[in-house]
Amino acid sequence: MEEEFKGQGHMLHLKLPTDPKWVNMVEKNNIEEILVDHAYCEQKAATASMSIIVNYPELDDVVDTLMPIVAEEWEHFERVVKQLRKRGLSLGRMRKDEYVNAIVKFARKGGSRMDQLVDKLLVSALIEARSCERFKLLWKGLDDEDLKSFYYELMISEAGHYVTFIELARKYKPREEVDARWQEFLKFEAELLKTMDVRGDRMH
């Protein structure tokens, strides 16, 4: 696991790997729970990018870059719901996402408008990076062959999203500032995970 994460961590920049028992907990706790939580993660990802577009409509690069991501995340939401339907399951209610809420809270609320934009983009980058890591774990660790294939496809599809968010942020603030702030987010996320219980009914 450690050697594998070194390569993956280099690609995704994550500083702490997911606890290896997470995948086993996912299957043990009923696959319905993770699929419902995952569906809402995709819905919230689409909403987050749409919100950035709405708040920065004058920035053409923001609008043009995020529009396809909104569409793709919504398509992923639909695909997760279809996985639920195939199993005779319903979407269910949205769950509280302590992980995402903590990262959003870490983002700057003050400062310049561009400072806030950078943090919004880095929030999305970080969530995408962690999601990609967990999709890989599900692809490799699940026994359900259909879901293994499904999560492989999502992992490939979303692998570049986090880079897109970071590169977009670098268009509006100096690279050195963006990269320094990105390191702050990564350190915060690693410490956050150490304080959170490993849950098989949550994607994060």
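Student: In what order do the elements of the protein run from the N terminus on?
Tutor: This is a predicted model. From the N terminus on, its elements run α-α-α-α-α-α-α-α-α. The secondary structure therefore comes to nine helices and zero strands.

Student: How does the radius of gyration compare with the globule rule?
Tutor: The radius of gyration is 17 Å, close to the 17 Å that the globule rule gives for 204 residues, so the protein is as compact as a globular protein of that length. Along the principal axes, the C-alpha atoms fill a box of roughly 45 × 35 × 25 Å.

Student: What percentage of the residues is buried?
Tutor: Buried residues account for 50% of the 204 residues.

Student: And among contacts between residues at least 6 apart in sequence, what share joins residues at least 24 apart?
Tutor: That share is 80%.

Student: Let us turn to packing. At what angle do the axes of α6 and α7 cross?
Tutor: The axes of α6 (residues 113-141) and α7 (residues 145-158) cross at roughly 150 degrees and come within 8 Å. Angles over 145 degrees count as roughly antiparallel, which is why α6 is described as roughly antiparallel to α7.

Student: Is that crossing left-handed or right-handed?
Tutor: The crossing of α6 and α7 is left-handed.

Student: Which residues make the contact?
Tutor: From α6 the contact draws on Glu128, Cys132, Phe135, Lys136, Leu138, Trp139, Lys140 and Gly141. From α7 it draws on Lys148, Tyr151, Tyr152, Leu154, Met155 and Glu158. By type, the residues of this contact divide into eight nonpolar, one polar and five charged.

Student: How far apart are the axes of α5 and α6?
Tutor: The axes of α5 and α6 are 10 Å apart, and the two helices pack at an angle of about 150 degrees. That angle makes α5 roughly antiparallel to α6.

Student: What is the handedness there, and which residues meet?
Tutor: α5 and α6 cross in a right-handed manner. Tyr99, Val100, Ile103 and Val104 of α5 meet Val123, Leu126, Ile127 and Arg130 of α6. The residues of this contact comprise seven nonpolar, no polar and one charged.

Student: Where is Ser112 placed?
Tutor: Ser112 lies in the loop between α5 (98-106) and α6.

Student: How accessible is Ser112, and how far is it from Ile127?
Tutor: Ser112 has a relative accessible area of 33%, so it is classed as partly exposed. Between the C-alpha atoms of Ser112 and Ile127 there are 23 Å, and the two residues are 15 apart in sequence.

Student: Changing topic, is Cys41 buried or exposed?
Tutor: Cys41 counts as buried because its relative accessibility is 12%, and the cut-off for buried is under 20%. Cys41 belongs to helix α3 (residues 31-55).

Student: What does Cys41 contact, leaving aside its neighbours within four places in sequence?
Tutor: With those neighbours set aside, Cys41 is in contact with Asp97, Met203 and His204.

Student: Lastly, in which helix is Gln83 found, and what are its contacts?
Tutor: Gln83 is found in helix α4 (residues 60-86). Apart from neighbours within four places in sequence, Gln83 is in contact with Leu35, Asp146, Leu147 and Phe150. Its relative accessibility is 7%, so Gln83 counts as buried.

Note on methods. Residues numbered from 1 in each chain as written. Predicted model: local features only at pLDDT ≥ 70, side-chain atom pairs only at ≥ 80, totals over all residues. Heavy atoms only, no water. Axes fitted to C-alpha atoms, helices over the stretch in contact; angles between N-to-C directions. Helix = DSSP H or I, 4+ residues; strand = E, 2+ residues; numbered from the N terminus. Parallel < 35°, antiparallel > 145°, perpendicular 65-115°, else oblique. Left-handed = near helix turned anticlockwise from the far one by under 90°. Contact = heavy atoms within 4.5 Å. Nonpolar A, V, L, I, M, F, W, Y, C, P; charged D, E, K, R; others polar. Rg over C-alpha atoms; globule rule 2.2 N^0.38 Å. Buried < 20%, exposed > 50% of the residue type's maximum accessible area, 1.4 Å probe, protein only.
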